[in-house]
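Here is a short tour for someone meeting this structure for the first time. Have a look at it, then read on.

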Amino acid sequence: MRCLFLASGMNVPSTRFRILPYLPWLRQAGHQCDLAISWPEKYDYHPWLGWRVSQWVKRQRRVWQVWRAAYRHYDAIVIEREIFDNSSYDLELKLRQYTPRLLLDVDDGIFLKFPEKYEVLAKTADEVLCGNEYLMDYTRPYNSQVTLLPTCVELKQYPLRKIDRLATAKPTIGWIGTTQNIALLSVCATALRNLAKRFSFRLLIVAPAPDRLAEIDLSGVEIDFQKWNPETEIRYLHEMDIGLMPLPANEPWMKYKCGLKLIQYLAVGIPGVASPIGVNESILAGNRVGFAATLTEEWEKSLAELLETPQRRWEMGRAGRELVEQKYSIEQNWQVLERSLQPR
């Protein structure tokens, strides 16, 4: 098959985890896979061009990519989320004319921003690939062909941490994510402050920039901020002993997230403590791979237990790795995507 993937940007998480890792597997299976990347990236602009000119350049590049698709005769086209982060959908409708099979890939509650647009896109697509059951439930009224494709990691890119980290004198609690989402740490900030009075630990925060860190009261906590880049991402995950994924309970967007941070932690063999919202609740079911926490007391109790018992961390981390191998790996899920690309 000849397939085209319209992706948001090489550093955008949805591209990095839901598009790029699948391409080598599909190509190895004999499919031709072309990649059309947004430039500037979908949610970004070039300061040296300015915002307005950057948006014009972004649209012109996408128009050219869509025009080219008309002459390439692709068997299937996959749109990651949407082409532009705005209310327009004219280019998506053009793509519908240029392929017998159009797929929409969704890993977040994008319909909360542009509900009318999402309804059109979901109805226009032949099939919608959803990152979790909550996204599937929202989409079914618009399209009966809905497939679960969880956000996954490629196991060979996520080797297990070495067991000798259990002997580390000062354990590390870690968080990794975007600059904007650093603010989510406020959910567990009180627990971290309380724990810092009882335990010696390092809080490792990995993000593109520390801009929003000053908004959170982490007084008394030893903070180690490290700038994110794809080359060092795994190394910093390996420095963590416990991973955090706090989410605010009162924001509708959070319900539709696909648990990427939690999956990354588990993939390298570290337990997670996370808000039981959306897919996080099912990942943490039974407390085999980590703990669910909502109240400050629950965050503090869960983190204290893991700080005090290295063996518990190790057992949960290994169980987490097994879960990722079975349900959240590219190796286990790439053929789901391949089947969806096939003509009907």
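## Rings that meet

Rings of Phe, Tyr and Trp (its six-membered ring) pair if their centres lie within 6.5 Å; planes under 30 degrees apart count as stacked, over 60 as edge-to-face and the rest as tilted. This is a predicted model, where local features need pLDDT of at least 70 and side-chain atom pairs count only at pLDDT 80 or more, while totals for chains, interfaces and linings use all residues. Residues are numbered from 1 along each chain as its sequence is written, and side-chain values use heavy atoms, with hydrogens and water left out.

There are 8 aromatic pairs here. One of them is Tyr138 with Tyr256, an edge-to-face pair at 6.4 Å centre to centre with 80° between the planes. Tyr138 belongs to helix α6 (residues 133-139) and Tyr256 to the loop between β10 (242-245) and α9 (260-267), so this pair ties together parts that are 118 residues apart in sequence. (Helices are DSSP runs of H or I with at least four residues, strands are runs of E with at least two, and both are numbered from the N terminus.)

Are these two buried or exposed? Buried means under 20% relative accessible area, exposed over 50%, and partly exposed in between, using a 1.4 Å probe and protein chains only. Tyr256 is buried at 11%, and Tyr138, at 25%, counts as partly exposed. Both also belong to one aromatic cluster with Phe111, Tyr118 and Tyr142.

## A buried charge

Next stop: Glu92, in helix α4 (residues 90-98). Glu92 is buried but has no salt bridge, meaning a side-chain nitrogen of Lys or Arg within 4 Å of a carboxyl oxygen of Asp or Glu. Its nearest side chain of opposite charge is Lys117, 4.3 Å away. (Lys and Arg count as positive, Asp and Glu as negative; His and the chain ends are not counted.)

Contact means heavy atoms within 4.5 Å. Leaving aside neighbours within four places in sequence, Glu92 touches Lys117 and several others, including Ile79, Phe84 and Leu121.

## Charges over rings

Lys117 turns up again: its charged end sits over the ring of Phe114, 5.7 Å from the centre. That label needs NZ of Lys or CZ of Arg within 6 Å of the ring centre and within 35 degrees of the ring normal. Arg2 does likewise with the ring of Tyr74, at 5.5 Å from its centre.

## Strand β1

Strand β1 (residues 2-7) is mostly covered, with 5 of its 6 residues buried. Strands pair if DSSP finds at least two bridges between them. β1 runs parallel to β2 (residues 32-37) over 6 bridges, and Leu6 has Ala36 as its bridge partner there.
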